[in-house]
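Please keep the model open while you read them.

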Amino acid sequence: MTTVPPPAAPAPEPISPVQAAALRAGALPPVEQVRPGVWTIAVPFRGGVPDATLSYVVEGTDGSLTVVDPGWAADDDLTVLRAGLAAVGRSVDQVGLVVVTHLHADHLGAAAALRRASGARVVMHRLEVDALRREREDAAANDADIAGWGLPDELVAGVVAAWGSGRRIGLGRTAEPFADLLVEDGGMLPIPGRDVRALWTPGHTAGHLCLVDEGDGLLFTGDHVLPRINPGIGLGGRTATNPLGDYLASLARLDGYAHLEVCPGHEYRFRDVVTRARTLARHREERSRHVAEALDALTSPTLFEVASRVPFSGGIDSMSGFLLASALTQTAFHADLLGRSDEIRPA
């Protein structure tokens, strides 16, 4: 019997009309006040990616500024961030803290430049720092995985360059010390006059953090939960645990925060993170079903053969490089969570 999948859940309604309009138009949204002393500044991607990181600026009672996810910075260029701060009567000189939700270049990339410009301390979870320090080691280990995936010969070089020994998670936009202050789950951020707490939400990366600001009714989610995008899993280096299992558990951790306004790392602000998190969990459950069906239909398949039967957006044949590697890796995570990894043979 063929099962008809349920219709996709609608994306949550935006709180910010200007962010939603900018997203539809493919434009950069303007600087916007979220709460008194809290603003968002959109920092564009580099490398031709038509998107932006939503950076957040939080002012302490002493006038010092905390920047959450400063975005990308090519050649230490902080022009967009400087202009955004100037638009609200603030400056880079007032930045005393930079909080990075996770290690990807579109969130971490400007942290080192901002630290040099302001003297600010950079805050991350220790697992993100560990992953950055292991970057070369992890990338080389990925080469061995790739060799066993059963990829067509013409796709191997591109996958190795994007996911294996050619990969740079931080894209060179990082500098030691990667963090001046490490924060663990439940740790309070040193923002004068504000109670902002770190919530560890591994899955997208091992040390991904959300930030809980109960006083202002805000939840900063980085890339853990986005309004329209299904975040990738296991994109922050190799881990001892299954990133898919970690991600599903992290989504469930949000159950008590439905009352908070969501400030994501991309797209637009919205409400009811719980409903969105459950939608994301259902998407992963459906993907596990597809992987199980592929394993049921195949005898001793390679990972590529299994992934070829999973209905990824655009289909596996449309993918190469990073997207293809991510799709295959996530297929492996699903097989592992199903307890069926031993049914996949190395090529």
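1. Where is P12 found? P12 sits in the segment before α1 (17–25), where helices (H or I, at least four residues) and strands (E, at least two) are DSSP runs, numbered from the N terminus. The model is a predicted one, in which local features need pLDDT of at least 70 and side-chain atom pairs count only at pLDDT 80 or more, while totals for chains, interfaces and linings use all residues. Residues are numbered from 1 along each chain as its sequence is written, and side-chain values use heavy atoms, with hydrogens and water left out.

2. Staying with P12, its relative accessibility is 16%, so it counts as buried (under 20% relative accessible area, with exposed over 50% and partly exposed in between, for a 1.4 Å probe and protein chains only). P12 and F270 are 258 residues apart in sequence, yet their C-alpha atoms are 6.4 Å apart. Not counting residues up to four places away in sequence, P12 touches P227, Y268, F270, R271 and R276, a contact being heavy atoms within 4.5 Å.

3. Please look next at the loop between β11 (261–264) and α9, where E267 has its place. E267 has a positive phi of about 75° although it is not a glycine, and at 7% relative accessibility it counts as buried. D272 is in the loop between β11 and α9 too. Phi of D272 is near 65°, again a positive value in a residue other than glycine, but D272 counts as partly exposed, at 29% relative accessibility.

4. Now the largest pocket, which holds about 1300 Å³ of space. Of the 37 residues that line this pocket, G232, L235, F322, L323 and S326 are the closest to its centre. The elements that give two or more residues to the lining are α3 (105–108), α7 (153–163), α9 (273–297) and α11 (321–337), and α11 gives the most, with 5 residues. For the terms: on a 1 Å grid over the protein atoms alone, a pocket is an open set of points where a 1.4 Å probe fits, with protein on both sides within 12 Å along at least five of seven lines, and lining residues have an atom within 4 Å of a point. Grid points are joined across faces, edges and corners, and a volume is the space filled by probe spheres set on the points.

5. By class, the lining of the largest pocket has 19 nonpolar, 11 polar and 7 charged residues. Here Ala, Val, Leu, Ile, Met, Phe, Trp, Tyr, Cys and Pro count as nonpolar, Asp, Glu, Lys and Arg as charged, and the others, Gly among them, as polar.

6. The second largest pocket has a volume of about 640 Å³. It is lined by 28 residues, and D145, R238, T329, A332 and F333 lie nearest its centre. Two or more residues of this lining come from each of α6 (135–147) and α11, and the largest share, 6 residues, comes from α11. The lining divides into 12 nonpolar, 9 polar and 7 charged residues.

7. Helix α8 (residues 243–252) has P243, L244, Y247, S250 and L251 as its buried residues. They cover an arc of only 125° around the axis, which puts them on the same side of α8; the arc is that of the directions from the helix axis to the C-beta atoms. These buried residues pack against α9 and α11. At the start of α8, a side-chain oxygen of N242 comes to within 2.8 Å of the backbone nitrogen of L244.

8. Helix α5 (residues 126–133) buries E128, V129, A131 and L132. Seen down the axis of α5, the buried residues fall within an arc of 160°, so they line one face of the helix. They pack against α3, β6 (121–124), α6 and β7 (181–182).

9. E59 is buried, with a relative accessible area of 16%. What joins the side chains of E59 and R90? A polar contact of 2.9 Å does, the term meaning a pair of N or O atoms within 3.5 Å; within protein, one must be able to donate a hydrogen and the other to accept it, and residues adjacent in sequence count only if both atoms are side-chain atoms. Leaving aside neighbours within four places in sequence, E59 is in contact with G37, W39, S64, L65, R90 and R194.
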